[in-house]
Amino acid sequence: MNFKKVLSMAAIAILATPSVYAQDKTTTETTTESSSSSDIKPGGMFIEPMLTYQTGDVTVKWPSPLNESKEDLKGFGLGLRFGVHVYESLFLGVDGRYSKPTYDSSALNGDGSSDAYDAGLTLGVQTPLAGIRVWGTYIMTGALNPEEINGVDAKFSDLKGYRIGAGVYVKSVSINLEYQDATYDKTTIEKAGPLSGNLDGIDGHNKSYILSLSFPVNL
């Protein structure tokens, strides 16, 4: 075989190699991108357990001889959000909370533990900015039941209001901060000397900040 001809064929093969590699690389990247895009489902369900810490107050207009007072609330709790998401960017769910905050009453001159719960509907957005999420919750029901303090045992119920929040999603954990503004429209005096039963005109206006860690999981 002619030596010059062989050398020319070898040179053409070497020059052609980068082009083939580039074409293969482009094909591989396109396939990878298509695969990544297909991993994002158009919708699905999720569950999000959470650990909460609440700090705030309840403004109560007590009947005479007691005055209006601000009752401090501080304590830990648990929560659970369950619902659906769309393209992992929009989520809608039911939000339930239970906590055992300390109820410190200036009007009753004492404090004690309490049981509190609430439930509502949440609508939120997962933004593309560093895992930031924002949401709002309409609180549909709830109750606050402090233990008896200095001979007065009161229970607040029929909670209505809203909660707004934002969080940063890091790996499998979301660090969240929420603001709550809601009112207990019904007050039941279970024990207070001659007073007892449901009392009209007494409500508890709650304003709180809630710090939480939550763990969203797609189902």
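Trainee: How many aromatic pairs does the count come to?
Mentor: The count comes to five aromatic pairs. Please bear in mind that this is a predicted model.

Trainee: What is the geometry of the pair formed by Tyr 53 and Phe 76?
Mentor: That pair is tilted, with 4.8 Å centre to centre and 55° between the planes.

Trainee: Which parts does the pair tie together?
Mentor: Tyr 53 belongs to strand E1 (residues 43–61) and Phe 76 to strand E2 (residues 68–86), so the pair joins parts 23 residues apart in sequence.

Trainee: Is Phe 76 buried or exposed?
Mentor: Phe 76 counts as exposed, because its relative accessibility is 63% and the cut-off for exposed is over 50%. Tyr 53, at 29%, counts as partly exposed.

Trainee: And what of Tyr 179 and Tyr 209?
Mentor: They also form a tilted pair, 5.2 Å centre to centre with 50° between the planes. Tyr 179 lies in strand E8 (residues 173–192) and Tyr 209 in strand E10 (residues 204–214), so this pair links distant parts of the chain, 30 residues apart.

Trainee: Which residues do ring pairs link into a cluster?
Mentor: The cluster consists of Tyr 103, Phe 156 and Tyr 184.

Trainee: Changing topic, where does the charged end of Arg 81 sit?
Mentor: It sits over the ring of Trp 135, 5.1 Å from the ring centre.

Trainee: Now Ser 157: buried or exposed?
Mentor: Ser 157 is buried, with a relative accessible area of 15%. Ser 157 is found in strand E7 (residues 153–170).

Trainee: What is Ser 157 in contact with, neighbours within four places aside?
Mentor: Its contacts are Gly 142, Ala 143, Tyr 184, Asp 185 and Lys 186. Ala 143 is 14 residues away in sequence, yet 4.1 Å away in space, C-alpha to C-alpha.

Notes
Residues are numbered from 1 along each chain as its sequence is written. This is a predicted model: local features need pLDDT of at least 70, side-chain atom pairs count only at pLDDT 80 or more; totals for chains, interfaces and linings use all residues. Side-chain values use heavy atoms; hydrogens and water are left out. Helices (H or I, at least four residues) and strands (E, at least two) are DSSP runs, numbered from the N terminus. Buried means under 20% relative accessible area, exposed over 50%, partly exposed in between (1.4 Å probe, protein chains only). Contact means heavy atoms within 4.5 Å. Rings of Phe, Tyr and Trp (its six-membered ring) pair if their centres lie within 6.5 Å; planes under 30 degrees apart count as stacked, over 60 as edge-to-face and the rest as tilted. A charge sits over a ring if NZ of Lys or CZ of Arg is within 6 Å of the ring centre and within 35 degrees of the ring normal.
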